[in-house]
Amino acid sequence: WSEAKRLLRECLTIRDKLSPVDEVSRADTFHELGRCLSNEGDLVQAEHLLRQSLSVKRRVCINDKASIALTLYVLGVCIMKSNKFDEAQALLRESLDIRRTAYPNTKEEIAK
């Protein structure tokens, strides 16, 4: 995970220099870095980055429901690892609800 974290942080630096207003790319990088940190056990930093990603996606990616649902899921899992089960459950339910709406006739898509 350390190499992935290093590369993602480098990616953030490069993105900020090239296009500081590209919030979607920044949110995607926050998501991936948060996922790495969560898998590595740095749950506080992971939660912070995932919340930043979710905030941007809710504001900017209104039509990309799948991306929002995925970040909700990853954040929910991260928070569950921190033993905040009620909050995790709410995030995971919201993720599932979005996926059900986005894929109403496809149980296989929701299972992914």
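This report describes the fold, the nonpolar core and selected helices and residues of a predicted protein model.

## Basis of the description

The model is predicted: local features need pLDDT of at least 70, and side-chain atom pairs count only at pLDDT 80 or more, whereas totals for chains, interfaces and linings use all residues. Residues are numbered from 1 along each chain as its sequence is written, and side-chain values use heavy atoms, with hydrogens and water left out.

## Overall fold

The protein has six helices and zero strands; helices (H or I, at least four residues) and strands (E, at least two) are DSSP runs numbered from the N terminus. Along the sequence the pattern reads α-α-α-α-α-α. The radius of gyration is 14 Å, close to the 13 Å that the globule rule gives for 112 residues, so the protein is as compact as a globular protein of that length. This radius is taken over C-alpha atoms, and the globule rule is 2.2 Å times the number of residues to the power 0.38. The C-alpha trace spans about 40 × 30 × 20 Å along its principal axes.

Buried residues account for 35% of the 112 residues. Here buried means under 20% relative accessible area, exposed means over 50%, and partly exposed lies in between (1.4 Å probe, protein chains only). The accessible surface comes to about 6,900 Å², of which 54% belongs to carbon and sulfur atoms; such areas come from the Shrake-Rupley method with a 1.4 Å probe, and for residues only the protein chains shown count as cover. Among contacts (heavy atoms within 4.5 Å) between residues at least 6 apart in sequence, 49% join residues at least 24 apart.

## The nonpolar core

The largest nonpolar core has 21 residues, and those with the most contacts inside it are Leu-33, Leu-72 and Leu-75. Such a core is a set of buried Ala, Val, Leu, Ile, Met, Phe, Trp, Tyr and Cys residues joined through side-chain atoms within 4.5 Å. At least two residues of this core come from each of helix 1 (2-18), helix 2 (23-40), helix 3 (43-60), helix 4 (65-81) and helix 5 (85-102). Helix 4 supplies the largest share, seven residues.

Helix 4 has 17 residues and reaches 24 Å from its first C-alpha to its last, close to the 24 Å expected at 1.5 Å a residue; the expected span is 1.5 Å times one less than the number of residues. Its buried residues are Ser-67, Ile-68, Ala-69, Thr-71, Leu-72, Val-74, Leu-75, Gly-76, Val-77, Cys-78 and Ile-79. Their cover includes helix 2, helix 3 and helix 5. Leu-72, with residues up to four places away in sequence not counted, touches Leu-54, Arg-58, Leu-91, Glu-94, Ser-95 and Ile-98.

Asn-83 lies in the loop between helix 4 and helix 5. Although Asn-83 is not a glycine, it has a positive phi of about 65°. With 54% relative accessibility, Asn-83 counts as exposed.

In helix 1, the buried residues include Lys-5, Leu-8 and Leu-12. Seen down the axis of helix 1, its buried residues fall within an arc of 65°, so they line one face of the helix; the arc is that of the directions from the helix axis to the C-beta atoms. These buried residues pack against helix 2. The face turned away from the buried side carries the exposed residues Ser-2, Lys-17 and Leu-18.

The buried residues of helix 5 are Ala-88, Leu-91, Ser-95, Ile-98 and Arg-99. Seen down the axis of helix 5, they fall within an arc of 100°, so they line one face of the helix. The exposed residues Asp-86, Arg-93 and Thr-101 are carried on the face turned away from that buried side. An α-helix has 3.6 residues a turn, so residues three or four places apart point the same way.

Leu-50 lies in helix 3 and is buried, with a relative accessible area of 0%. Leaving aside neighbours within four places in sequence, Leu-50 is in contact with His-31, Gly-34, Arg-35, Thr-71, Val-74, Leu-75 and Cys-78.

Val-44 is also found in helix 3, but at 70% relative accessibility Val-44 counts as exposed. Val-44 and Glu-87 are 43 residues apart in sequence, and their C-alpha atoms are 15 Å apart in space.
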